[in-house]
Amino acid sequence: MAKKGNAASGSKIGNGGELHQTVSGDGQRLTTNQGVVVSDDQNTLTVGPRGPQLLEDFILREKITHFDHERIPERVVHARGYAAHGYFQAYKGNSKLTKAAFLQDPEAQTPVFCRFSTVAGSAGSPDLARDVRGFSVKFYTSEGNYDLVGNNMPVFFIQDAIKFPDLIHSVKPEPDRDFPQAQSAHNTFWDFVSLNPESMHMLMWIMSDRAIPRSFRMMEGFGVHTFRMINNKGESKFVKFHWRPKLGTFSVIWPEAVQINGADPDFHRRDLWNAIEAGDFPEWELSVQAFSEDEANGFDFDVLDPTKLIPEELVPLTPLGKMVLNRNVDNFFAETEQVAFCPSHVVPGIDFSNDPLLQGRLFSYLDTQLSRLGSPNFHQIPVNKPKCPFANFQRDGHMQMEVPTGNVANQPNSLDDGAPREDPKHGFTSFGSQESGQKLRIRPESFADHYTQARLFWVSMTAAEQRHIVGGFAFELGKCDQVKIRTRMLGHLQNIDRDLAEQVADALGMKGSADKIKPKVPVGDPQPSPPLSQYSVAPQTLAGKKIGLLTTDGVDASVYQSLAKLAEDEQATLEIVTPKAGPIKTSKGETVTPDHFLAGGPSVLFDCVVVGPAASQSETLVANADAIDWIRDAFGHLKVIGFNDAAKPMFEKASVAIDADEGVVDVSGGNFDAFTTAAKKHRIWDREC
């Protein structure tokens, strides 16, 4: 338990640029729970600077174990999750890269269970918090379960697993007051990351639109770490995993996220459930960046550093197969809540690297499941149970659900010829990499560049994305009441990009107040990488999007029918919003049941909207404040808005000009060509300027 004492006054910068705060004089010393003084709380014990972690590191194990058992039974992180069943189907030609069976046969469909989540909030927090999203897939392969446990961002905040409890403690509600919930906009988080330059790259991602995705269906996934793949010849390559959504990668903007959390805190859950129920099955392509160890040694960053990504210009993506989610769960608790993902669950053909964050996760996840699910028998829960045969001599334990038979529970034995035996030919074998070096706690020097890739992300963004990053930093730092945290962060931002730092400082009213922070190594000047931007590579499409029609009884049948056909042709969804919840009739007498009534269906829930009341009902909507706000919000959220003649007085009252820009479109008579062209661009970004 932490106790108040004299503040440490000494500090030094470590080998990898990390901050070490050291005790001075009679200051309180950091110890283990057994009272052993800790010499280094920043780095795990490894074999050499870039080698594997040692199981004897009792400081790491105590710290991670205590952290993993902090919450019962809700997950400490990734508590707010949603999941679905589906299948994975491999493409041809993967055998040169890996011998993993599920990546070989293009005719076979491997069952999968995929869970999406937020990281920081509790199970009851809203879907649209600014946060990292978990993206975890359990493959029920013929060789055993394989868990690809990742996020929707390709990098992370920290380089070493020993810092994970500190990171999460900093972002969770502050311990004396237990708020804010599901937010990083407070003192402890920004104090922590501003003292850890290694977090700078991830901060650029989390302050971008990537942290507020439009839906799970429009979200990328990444394995984050460097893994290995091994083929039948024993040849190995390093790989980075990528999931690319078929619909493209899209986000909401911050003002929308705030409103959606109030209007529908289950927005992402509802979207995934409804899409699958409607037969609009989400799909992702799984690819890897594959590269040799020699190639890795030639990069100007370290592939074992989880705060770094590999630009696609350097190593292009190799597609391996596709995942389709086609079945919702039958019971949320039994499946979504009880599913247990562990990065240590691998199959032959996939292996680990010495990434120090990954190495710690290999211990931490299993330890967490033991606490959360109450037993080492959690693999017997149906959602976790392999779909291939499995057999061993593990016995008993709390919540044992199997009934093992026979009188032998050990191996080797000569009493049961039918007992499970080793299989050197088909069994899992680790890649025989050579490791040597001293036992030590040290960060590799190759981990010390904390700003170049943060700058790479910034220069790769569109102007709109850059505006949103500035807004994210300004909003979050504005919630910190400690000026020293703001000035420290402004110093880091100056190392990333001076224009970025100046814009954030201007928004905070703190120009010229940035701390001077000297980088451990010189900051590079990278060329933009277009794939890092959502919108420079986004497809122009309405597929998977929602169109909202605000209308009334007597709606023009030509407008309604044309819009319904448009939605069908473009693989979008049309939802009807009316002043009241009861059925309405079109001008041709067709009965239409609304999806929302006006007070419960704000325009923020849709990707693009049409305002098309009947002429006889126009005055009713003009007098309705919710209807006027429906238009104002849609315009302010940069959406494309269609209108008919009867809606024009509403736009006048809302102070939105019907010729404001290409995104305000006349659809009278049912002509939606211009509306469709504009809506496929996703947003009218120029409205922000």
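## Cavities, cores and cysteines

Cys 480 is buried, with a relative accessible area of 0%. Buried means under 20% relative accessible area, while exposed means over 50% and partly exposed lies in between (1.4 Å probe, protein chains only). This is a predicted model, in which local features need pLDDT of at least 70, side-chain atom pairs count only at pLDDT 80 or more, and totals for chains, interfaces and linings use all residues. Residues are numbered from 1 along each chain as its sequence is written, and side-chain values use heavy atoms, with hydrogens and water left out.

**Cysteines**

Cys 114 is also buried, at a relative accessible area of 0%. How many disulfides does the structure hold? It holds zero. A disulfide here is a pair of cysteine sulfur atoms within 2.5 Å. The sulfur of Cys 114 has its closest cysteine sulfur in Cys 342, and because that is 16 Å away, it is too far for a bond.

**Empty space**

Rolling a probe the size of a water molecule over the atoms shows where empty space is left. The search uses a 1 Å grid over the protein atoms alone. A cavity is a set of points where a 1.4 Å probe fits but cannot get out. A pocket is an open set with protein on both sides within 12 Å along at least five of seven lines. Lining residues have an atom within 4 Å of a point. Points are joined across faces, edges and corners, and a volume is the space filled by probe spheres set on them.

Across the whole structure there are ten cavities of 30 Å³ or more.

| Space | Volume | Lining by class |
|---|---|---|
| Largest cavity | about 550 Å³ | 16 nonpolar, eleven polar, five charged residues |
| Second largest cavity | about 190 Å³ | ten nonpolar, five polar, six charged residues |
| Second largest pocket | about 1200 Å³ | 16 nonpolar, twelve polar, five charged residues |

In these classes, Ala, Val, Leu, Ile, Met, Phe, Trp, Tyr, Cys and Pro are nonpolar, Asp, Glu, Lys and Arg are charged, and the others, Gly among them, are polar.

The largest cavity has a volume of about 550 Å³. It is lined by 32 residues, and Val 77, His 78, Phe 164, Arg 361 and Tyr 365 are the closest to its centre. Helix α9 supplies the largest share of this lining, eight residues. Helices (H or I, at least four residues) and strands (E, at least two) are DSSP runs, numbered from the N terminus.

The second largest cavity has a volume of about 190 Å³. Among its 21 lining residues, Pro 154, Phe 222, His 242, Gln 289 and Leu 309 are the closest to the centre. Strand β10 (residues 236-245) gives the largest share of that lining, four residues.

**Nonpolar cores**

A nonpolar core is a set of buried Ala, Val, Leu, Ile, Met, Phe, Trp, Tyr and Cys residues joined through side-chain atoms within 4.5 Å. The largest one has 55 residues, of which Phe 157, Trp 190, Leu 203, Phe 473 and Leu 500 touch the most other members. Helix α4 gives the most to this core, six residues. Beyond its neighbours within four places in sequence, Leu 500 is in contact (heavy atoms within 4.5 Å) with Met 204, Trp 458, Ile 469, Val 470, Phe 473 and Leu 493.
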